[in-house]
Amino acid sequence: MNGGVDTLQNMEVENIDYDKVTGMQVNYYLSCKTKLWLYSHSVSFEHTSDLVKLGRLLHQEYFNSQRKDVFYNGVAFDVIKPNKQIIEVKRGTRVRECDIYQTLYYLYYLEKHGVKGFTAVLTYPRARKKLVLTLGDKERKHLDEIVNGIREIISNPYPPPPKKKKFCKGCAYYDFCFG
Ligand code: SF4
C-alpha cells in the first residue's frame with residue numbers, strides 16, 4: 001500500500017452510523033471499494049476535483065427551481081415535487097450499473113420505510129439519456145447484498161488496496177491512491 005493510504009493509520013476513525021447507508025455509498029461500492037471506504041470515513045478531496053465541480057454545476061442547472069431536496073431519516077436525494085419522481089443527474093455519457101443502483105437505492109430505502117408511490121429517473125443531460133427505473137425482486141435482492149457489503153467494508157479499520165481503473169485519472173483520490 002502506498003504512502004497516502006498508510007497515513008490513515010495515524011488518523012482517528014470517526015464514528016459512523018452504519019444504519020444510514022447513502023446512495024453515493026451504493027455507487028462507490030459498485031465502482032470502487034477503496035473510494036467507498038475513504039468517502040465513508042470522511043477522507044475527502046472531492047471539492048478539489050474539476051470533474052466534481054462540473055457535476056455540481058450540471059446538477060444545479062438541471063434542477064433549476066423545480067427541485068426539492070429531501071432528507072429522509074439520514075439519506076438525502078432530490079425529488080421533482082409534482083410527479084413524485086426521484087431524480088439522479090450524472091455528468092457522464094455512459095449508463096453505468098453503479099448509477100442505476102444508486103438511483104434504485106432511493107426507492108429501496110423509501111420502501112424499507114413504508115413510503116411508496118415514487119418513481120426513479122436516472123438522467124445524463126450531456127448524452128440526452130434518461131432512464132425510468134423500477135424496483136423488482138432481483139434489484140431488491142442485489143441491494144440487500146450491496147448494503148451488507150458496504151457495512152462490511154466500512155467497518156474495516158483500513159481501506160481496501162486501490163486497484164487502477166480507467167476512470168482513476170478523473171478521481172479526486174488519485175494522488176492519494178497512486179501519488
Ligand atoms: S483513484 Fe481509483 S482506486 Fe483510488 S479511490 Fe479513486 S477510483 Fe478508487
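Analyst: The model is predicted.

User: Which residues of helix 2 are buried?
Analyst: They are Gly23, Gln25, Val26, Asn27, Tyr28, Tyr29 and Ser31.

User: And what do they pack against?
Analyst: The buried residues of helix 2 pack against helix 3, helix 5 and helix 6.

User: Let's take helix 3, then. Why is it described as largely enclosed by the rest of the structure?
Analyst: Helix 3 is largely enclosed because six of its eight residues are buried. These are Thr34, Lys35, Leu36, Trp37, Leu38 and Ser40. They pack against helix 2, helix 6 and helix 7.

User: What follows helix 3?
Analyst: Helix 3 is followed by Ser42, which has a positive phi, near 60 degrees.

User: Why does Leu36 count as buried?
Analyst: Its relative accessibility is 0%, so Leu36 counts as buried, the cut-off being under 20%.

User: Which residues is Leu36 in contact with, beyond its neighbours in sequence?
Analyst: Setting aside residues within four places in sequence, Leu36 is in contact with Gln25, Tyr28, Tyr29, Ile150, Ile153 and Ile154. For Leu36 and Ile153, the separation is 117 residues in sequence, while their C-alpha atoms are 8.1 Å apart in space.

User: What about the nonpolar core? How many residues does the largest one have?
Analyst: The largest nonpolar core has 31 residues, and those with the most contacts inside it are Val26, Leu36, Leu104, Tyr105, Leu143, Ile146 and Ile150. At least two residues of this core come from each of helix 2 (23-31), helix 3, helix 5 (97-112), strand 4, helix 6 (137-154) and helix 7.

User: Which helix gives the most to this core?
Analyst: Helix 5 does, with eight residues.

User: Stepping back, how many helices and strands does the protein chain have?
Analyst: The protein chain has seven helices and five strands. Along the sequence, they follow the pattern α-α-α-α-β-β-β-α-β-β-α-α.

User: And the chain as a whole, in terms of burial and contacts?
Analyst: The chain has 179 residues, of which 41% count as buried. Of the contacts between residues at least 6 apart in sequence, 72% join residues at least 24 apart. The accessible surface comes to about 10400 Å², and carbon and sulfur atoms account for 50% of that surface.

User: There is a ligand too. Which residues surround it?
Analyst: The ligand is surrounded by Cys32, Lys35, Pro162, Lys163, Lys165, Phe167, Cys168, Cys171, Tyr173, Tyr174, Cys177 and Phe178. By type, the shell divides into nine nonpolar residues, three charged and no polar ones.

User: Which element supplies the largest share of that shell?
Analyst: Helix 7, residues 174-178, supplies the largest share, with three residues.

User: Where is Cys168?
Analyst: Cys168 is in the loop between helix 6 and helix 7. It is buried, at 9% relative accessibility. Apart from its neighbours within four places in sequence, Cys168 is in contact with Lys163, Tyr174 and Phe178.

User: How far apart are Cys168 and Cys32?
Analyst: Cys168 and Cys32 are 136 residues apart in sequence, and their C-alpha atoms are 9.4 Å apart in space.

User: Now the strands. What does the side chain of Thr123 reach?
Analyst: The side chain of Thr123 reaches the backbone oxygen of Lys129 at 3.2 Å. Thr123 itself belongs to strand 4, residues 119-124.

User: Is Thr123 buried or exposed?
Analyst: Thr123 is buried, with a relative accessible area of 4%.

User: And where is Arg128?
Analyst: Arg128 is located in the loop between strand 4 and strand 5, the latter spanning 129-133. Its phi is near 55 degrees, a positive value in a residue other than glycine.

How values were computed:
Residues numbered from 1 in each chain as written. Predicted model: local features only at pLDDT ≥ 70, side-chain atom pairs only at ≥ 80, totals over all residues. Heavy atoms only, no water. Buried < 20%, exposed > 50% of the residue type's maximum accessible area, 1.4 Å probe, protein only. Contact = heavy atoms within 4.5 Å. Helix = DSSP H or I, 4+ residues; strand = E, 2+ residues; numbered from the N terminus. Areas by Shrake-Rupley, 256 points an atom, 1.4 Å probe, with all protein chains shown as cover. Near = heavy atom within 4 Å. Nonpolar A, V, L, I, M, F, W, Y, C, P; charged D, E, K, R; others polar. Polar contact = N/O pair within 3.5 Å; in protein donor to acceptor, adjacent residues only side chain to side chain. Core = buried A, V, L, I, M, F, W, Y, C linked by side-chain atoms within 4.5 Å.
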